[in-house]
Amino acid sequence: NLSNANLSNANLSNANLSNANLSNANLSNATNAAAHLSNANLSNANLSNANLSNANLSNANLSNANLS
């Protein structure tokens, strides 16, 4: 359970976070390139300026996430 976690500026490239609870997490400026985020709960997460290139977001919950 990574809800409310502060992962800003973290390098999560290629990380397997499938099915992870990242609700309300701070992932701003994080590198999530090629991360496995399928079925992850990213609701209300801060993903501003995050690098999501080639990330797998299939069936991820992005409701109210900050994607700016």
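**Notebook: Leu-7 and the rest of the chain**

I began with Leu-7 and, leaving aside its neighbours within four places in sequence, found this residue in contact with Leu-12, Leu-22, Asn-26, Leu-27 and Ala-30, where contact means heavy atoms within 4.5 Å. I note that this is a predicted model, in which local features need pLDDT of at least 70 and side-chain atom pairs count only at pLDDT 80 or more, while totals for chains, interfaces and linings use all residues. Residues are numbered from 1 along each chain as its sequence is written, and side-chain values use heavy atoms, with hydrogens and water left out.

**Core**

I next looked up the largest nonpolar core, which has 20 residues, and saw that Leu-7, Leu-12, Leu-17, Leu-22, Leu-27 and Leu-42 touch the most other members. A nonpolar core here is a set of buried Ala, Val, Leu, Ile, Met, Phe, Trp, Tyr and Cys residues joined through side-chain atoms within 4.5 Å; buried means under 20% relative accessible area, exposed over 50%, and partly exposed in between, with a 1.4 Å probe and protein chains only. In soluble globular proteins, nonpolar side chains tend to be buried together. I also checked Leu-2, which counts as partly exposed because its relative accessibility is 34%.

**Whole chain**

I found zero helices and zero strands in the protein chain, taking helices (H or I, at least four residues) and strands (E, at least two) as DSSP runs numbered from the N terminus. I recorded a box of roughly 20 × 20 × 20 Å for the C-alpha atoms, along the principal axes, and buried residues at 41% of the 68. Among contacts between residues at least 6 apart in sequence, 0% join residues at least 24 apart.

**Single residues**

I looked at Asn-1, which is exposed because its relative accessible area is 76%, and whose side chain is joined to that of Ser-3 by a polar contact of 2.7 Å (a pair of N or O atoms within 3.5 Å; within protein, one must be able to donate a hydrogen and the other to accept it, and residues adjacent in sequence count only if both atoms are side-chain atoms).

I noted a positive phi, near 65°, for Asn-19, a residue other than glycine, and this residue counts as exposed at 58% relative accessibility. Asn-49 has phi near 60°, again positive in a residue other than glycine.

I ended with Ser-53, partly exposed at 38% relative accessibility, which touches Asn-32, Ala-33 and Ala-34, not counting residues up to four places away in sequence. The C-alpha atoms of Ser-53 and Ala-33 are separated by 4.9 Å, although these residues are 20 apart along the chain.
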